[in-house]
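Biologist: I have a structure open and have never looked at it before. Can you walk me through it?

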Amino acid sequence: MKKRMVLIIYDISDNKIRTKFVKFIEHYGQRVQKSAFEAFIDSSKYKKMIRIIPKIIKDNDNVRVYMLDGEIKYWGENENKVQEEVIIL
């Protein structure tokens, strides 16, 4: 099954909800910045993740999920972590 890179960024003000959200997202990917996760997942995991996210957050929260298909360049602390090719549409 084809896997794709997904970027999840969030702004959740309530500590309890944010903690619950982070624990949920950690099952899919790794934190790359304070409010950003990367995940390399197949379409069934992606569909499950986007179905559950709205059940965790509140209306005043902000969560964005970007599915990436393309080359990713990065520098700094996590330089050697991405091991697979990604294509951006």
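Modeller: Here is a walk through the fold, the sheet, the core and a few single residues. This is a predicted model, in which local features need pLDDT of at least 70 and side-chain atom pairs count only at pLDDT 80 or more, while totals for chains, interfaces and linings use all residues. Residues are numbered from 1 along each chain as its sequence is written, and side-chain values use heavy atoms, with hydrogens and water left out.

Biologist: Fine. How many helices and strands are in the protein chain?

Modeller: The protein chain has two helices and four strands. Helices (H or I, at least four residues) and strands (E, at least two) are DSSP runs, numbered from the N terminus. Along the sequence the pattern reads β-α-β-β-α-β.

Biologist: What is the order of the strands in the sheet?

Modeller: The four strands form an open sheet in the order β2-β3-β1-β4, with antiparallel pairing. Two strands pair if DSSP finds at least two bridges between them.

Biologist: Which strands stand at the edges?

Modeller: β2 (30-33) and β4 (62-68) do; each has a single partner strand, so one side of each is left without a neighbour in the sheet. On average, neighbouring strands of this sheet are turned by 30° against each other, direction ignored. For angles, axes are lines fitted to C-alpha atoms, for helices over the stretch in contact, and the values run from 0 to 180 degrees between N-to-C directions.

Biologist: How many bridges join β1 and β4?

Modeller: Seven bridges, in the antiparallel sense. Across that pair, I9 is opposite R64 in β4, and M5 is opposite L68 in β4.

Biologist: And what about β1 and β3?

Modeller: β1 and β3 are also an antiparallel pair, over seven bridges. There, K3 faces D42 in β3 and R4 faces I41 in β3.

Biologist: What do β2 and β3 form?

Modeller: A hairpin, with two residues between the strands. Their antiparallel pairing runs over three bridges, and R31 has F37 in β3 as its bridge partner.

Biologist: Is β3 enclosed or open? What do its residues say?

Modeller: Six of the seven residues of β3 are buried, so β3 is largely enclosed by the rest of the structure. Buried means under 20% relative accessible area, exposed over 50%, and partly exposed in between (1.4 Å probe, protein chains only).

Biologist: How much of the whole protein chain is buried?

Modeller: 31% of its 89 residues count as buried. The chain exposes about 6,600 Å², and carbon and sulfur atoms supply 48% of that area. Those areas come from the Shrake-Rupley method with a 1.4 Å probe.

Biologist: Where do the helices lie?

Modeller: α1 lies across β1, β2, β3 and β4, running at about 170° to β1. α2 lies across β1, β3 and β4, at about 135° to β3.

Biologist: Which residues of the largest nonpolar core touch the most other members?

Modeller: Out of 19 residues, these are I8, F21, I25, M49, I53 and V63. The elements giving two or more residues to this core are β1 (3-11), α1 (15-25), β3 (36-42) and α2 (43-56). α1 supplies the largest share, five residues. A nonpolar core is a set of buried Ala, Val, Leu, Ile, Met, Phe, Trp, Tyr and Cys residues joined through side-chain atoms within 4.5 Å.

Biologist: Take I53. What is it in contact with?

Modeller: Leaving aside neighbours within four places in sequence, I53 is in contact with F21, F24, I25, V63 and V65. Contact means heavy atoms within 4.5 Å. Over the protein chain, 64% of the contacts with a separation of 6 or more are between residues 24 or more positions apart.

Biologist: Switching to T19. What does its side chain reach?

Modeller: The backbone oxygen of N15, at 2.8 Å. T19 lies in helix α1 and, at 41% relative accessibility, counts as partly exposed.

Biologist: Last one: is Q33 buried or exposed?

Modeller: Q33 is exposed, at 57% relative accessibility. Q33 belongs to strand β2. Between Q33 and I9 there are 9.1 Å in space, C-alpha to C-alpha, although the two are 24 residues apart in sequence.

Technical notes:
Polar contact = N/O pair within 3.5 Å; in protein donor to acceptor, adjacent residues only side chain to side chain.
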